[in-house]
Amino acid sequence: MSGKRNLVIYNPCSLQHYKEYGIGIPMLNERVEKPFAYISQKYGVQATDEALFSKFGGEILKLAHSKEYCEKVENNPDQVVLDTYELIKDDGSYNRYDPSCATLPLSDFVKKALSHINGTILACESAMDIGFSYHLGGGMHHAMSFRPGGFCMFNDMVTAIKYLQQNGKIKNAVIIDMDAHKGDGTAQMTYSDDSIRSFSIHMKDGWPLDKEDKNDPSYIPSSFDIEVERDDDYLSLLKKGLEDFNPREDFAIVIHGADVYEKDELESASLIQLTKEEVLERDKITYNLLKDRGIPQAWVMAGGYGKYVHEIFTQFLDYSLDDQGVARV
């Protein structure tokens, strides 16, 4: 694998056309395809060897997920997908789902979710070698140890860190989450683990912090939470928060949520509305803090919905690849 390919991990086979599964969610493959097409043309970045995304199968889940959940994935994958994408309402009716329109089986999503874990592990290994890597995928931060949620089946970040730890490559790590929604799955999975600290800057109100039951695991705190309201000075809060959080671990994963963008189309992310320029400044603050401290960093994509969010991923890839000294073609 060339240096350029180490910097960016991309697997077109991990994408899914939701309509082919009868699912009506406004997550477009072009949010991944457009940034990749751009950096491919500008920097000569190539797709990653497809075989690398199937290196680890279901056994890798045992590093971070409960035995009961792993068994459910193996024995009842369709139900896991229904739960992951919230396709069944409490009354049993379908939500954003019409199985009569499906041409592909729901169980396909398990294999695709596993490919995202493989991609994040690849990005982490590359970052350990060269300091930085970006996975055009992953970021499944709502998946908990015992259940999926919020379009996230498996927590690829925690799984990847556990893999690095198991193989003696790191002792501790931080997960910095910049998605509009709280990284509740990551918080739950790392709450009792002193070797992984979690940082989440997210909407103060709205999903997943809108549940009547305040004992729900979504309310388990991250190591450091910043709750943002629409009129807050987001960038000042982030800068001070990162200074107070004080990353000092062996490794960092950054969850690159694009749903804070004012042009994002997901209603549940609308309580943070940053301009394109503000989002890039957000990303520079985080990237440069970790770089200046010599902490290897792997970035994953997370949320981003609609026809404009590719702009957020593209502008940061442009900035980071330039900073990494990748020659333009």
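Two residues are taken to be in contact when they have heavy atoms within 4.5 Å. The coordinates come from a predicted model, and residues are numbered from 1 along each chain.

**First stop: Y10**

Select Y10, in the loop that runs between strand 1 (8-9) and helix 2 (30-43). Is Y10 buried or exposed? Y10 counts as buried because its relative accessibility is 7%, which falls under the 20% limit for that class.

Next, display the surroundings of Y10. Which residues are in contact with Y10, once its neighbours within four places in sequence are left aside? They are L15, V32, E33, F36, A47, T48, F53 and L136.

**Second stop: the largest pocket**

Select M27, G150, F151, C152 and Y305, which lie nearest the centre of the largest pocket among the 40 residues of its lining. Two elements, helix 2 and helix 5 (108-130), each give two or more residues to this lining. Colour helix 5 to see the largest share, 5 residues. The space in this pocket comes to about 570 Å³. What is the make-up of the lining of the largest pocket, in nonpolar, polar and charged residues? It divides into 19 nonpolar, 14 polar and 7 charged residues.

Move to the second largest pocket, with a volume of about 400 Å³. Select D83, E86, P148, G149 and G150, the closest to its centre of the 17 residues in the lining. Helix 4 (residues 77-84) supplies the largest share of the lining of the second largest pocket, namely 3 residues. By class, the lining of this pocket holds 5 nonpolar, 5 polar and 7 charged residues.

**Last stop: the cysteines**

How many disulfides does the model contain? The count is 0, where a disulfide would require a pair of cysteine sulfur atoms within 2.5 Å. Select C70 together with C152: the sulfur of C152 is the nearest cysteine sulfur to C70, at 17 Å, and C70 is in no disulfide. C70 is buried, because its relative accessible area is 13%. Finally, select C13, which is partly exposed, with a relative accessible area of 40%.

Methods
This is a predicted model: local features need pLDDT of at least 70, side-chain atom pairs count only at pLDDT 80 or more; totals for chains, interfaces and linings use all residues. Side-chain values use heavy atoms; hydrogens and water are left out. Helices (H or I, at least four residues) and strands (E, at least two) are DSSP runs, numbered from the N terminus. Buried means under 20% relative accessible area, exposed over 50%, partly exposed in between (1.4 Å probe, protein chains only). On a 1 Å grid over the protein atoms alone, a cavity is a set of points where a 1.4 Å probe fits but cannot get out, and a pocket is an open set with protein on both sides within 12 Å along at least five of seven lines; lining residues have an atom within 4 Å of a point. Grid points are joined across faces, edges and corners, and a volume is the space filled by probe spheres set on the points. Ala, Val, Leu, Ile, Met, Phe, Trp, Tyr, Cys and Pro count as nonpolar, Asp, Glu, Lys and Arg as charged, and the others, Gly among them, as polar.
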